[in-house]
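Good morning, and thank you for coming.

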Amino acid sequence: MTKFLHAMIRVTDPEATIAFFELFGVKEVRRFSSEKGRFTLIFLAAPGQEDVAEVELTYNWPPEDGSAGEVYTGGRNFGHLAYRVSNIYETCAKIMAAGHVVHRPPRDGHMAFVKSPDGISIELLQDGHLEPAEPWASMENTGTW
């Protein structure tokens, strides 16, 4: 039997990434750090999805010699993670109020794209359907998504 466990993304600022995911209801469910391996794994899940569909954040600690840590670019080549939300307009407004960009606004009342602090595309999908509404219906795309 095959069972999906999780998807992994590398992050440079775990707390900023966790705060970003919390904006649309995804929370930390467990954490593991390895002193020897110099990394931390943080697992996130939507409510009720623990051990069903999780995202693993991998934070590789900076080198002990004080040199710069890893930098990750090109998050779009990962593809995207997708989450269903109860009100896409409220969710996008909350994300924007926290200083993030909605790269593909929910013009249709159904789908939007945002990016995590490390550039990972996140697709937000409306549970059910909302009628197109302003200001979203008139908003243009910003950057890539």
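How many residues lie between β7 and β8 in their hairpin? There are 5 residues between these two strands, and G119 in the turn has a positive phi of about 85 degrees.

Let me state the conventions. This is a predicted model, in which local features need pLDDT of at least 70 and side-chain atom pairs count only at pLDDT 80 or more, while totals for chains, interfaces and linings use all residues. Residues are numbered from 1 along each chain as its sequence is written, and side-chain values use heavy atoms, with hydrogens and water left out. Helices (H or I, at least four residues) and strands (E, at least two) are DSSP runs, numbered from the N terminus. Two strands pair if DSSP finds at least two bridges between them.

Four strands form an open sheet in the order β5-β8-β7-β6, with mixed pairing. Its edge strands are β5 (80–85) and β6, each of which pairs on one side only. From one strand to the next, the twist averages 35 degrees; here axes are lines fitted to C-alpha atoms, for helices over the stretch in contact, and angles run from 0 to 180 degrees between N-to-C directions. Helix α2 (residues 88–97) packs on this sheet and touches β5, β6, β7 (111–115) and β8, its direction making about 145 degrees with that of β8. Contact means heavy atoms within 4.5 Å.

Consider the pairings in turn. β5 runs parallel to strand β8 (residues 121–126) over 6 bridges, and the bridge partner of Y83 in β8 is L124. β7 and β8 are antiparallel and joined by 5 bridges, with M111 partnered by L125 of β8. β6 and β7 are also antiparallel, over 2 bridges. These two strands form a hairpin with 6 residues between them, where G109 in the turn has a positive phi of about 75 degrees.

Is β7 mostly covered or mostly open? It is mostly covered, since 5 of its 5 residues are buried; buried means under 20% relative accessible area, exposed over 50%, and partly exposed in between (1.4 Å probe, protein chains only). In a regular strand the side chains alternate between the two faces of the sheet. In β7, M111, F113 and K115 are on one side and A112 and V114 on the other, and all of them are buried.

Next, R104, which is found in strand β6 (residues 102–104). R104 counts as buried because its relative accessibility is 10%. It stands opposite F113 in β7. A polar atom of the R104 side chain lies 2.6 Å from the backbone oxygen of M111. Not counting residues up to four places away in sequence, R104 touches M111, A112, F113, N141 and W145.

There is another open sheet of 4 strands, in the order β1-β4-β3-β2 and with mixed pairing. Its edge strands are β1 (6–10) and β2 (27–34), each pairing on one side only. Strand β3 (residues 39–45) and β4 run antiparallel, joined by 7 bridges, and F43 has E56 of β4 as its bridge partner.

Finally, which strand gives the most to the lining of the largest pocket? That strand is β5, with 6 residues.

Methods:
A polar contact is a pair of N or O atoms within 3.5 Å; within protein, one must be able to donate a hydrogen and the other to accept it, and residues adjacent in sequence count only if both atoms are side-chain atoms.
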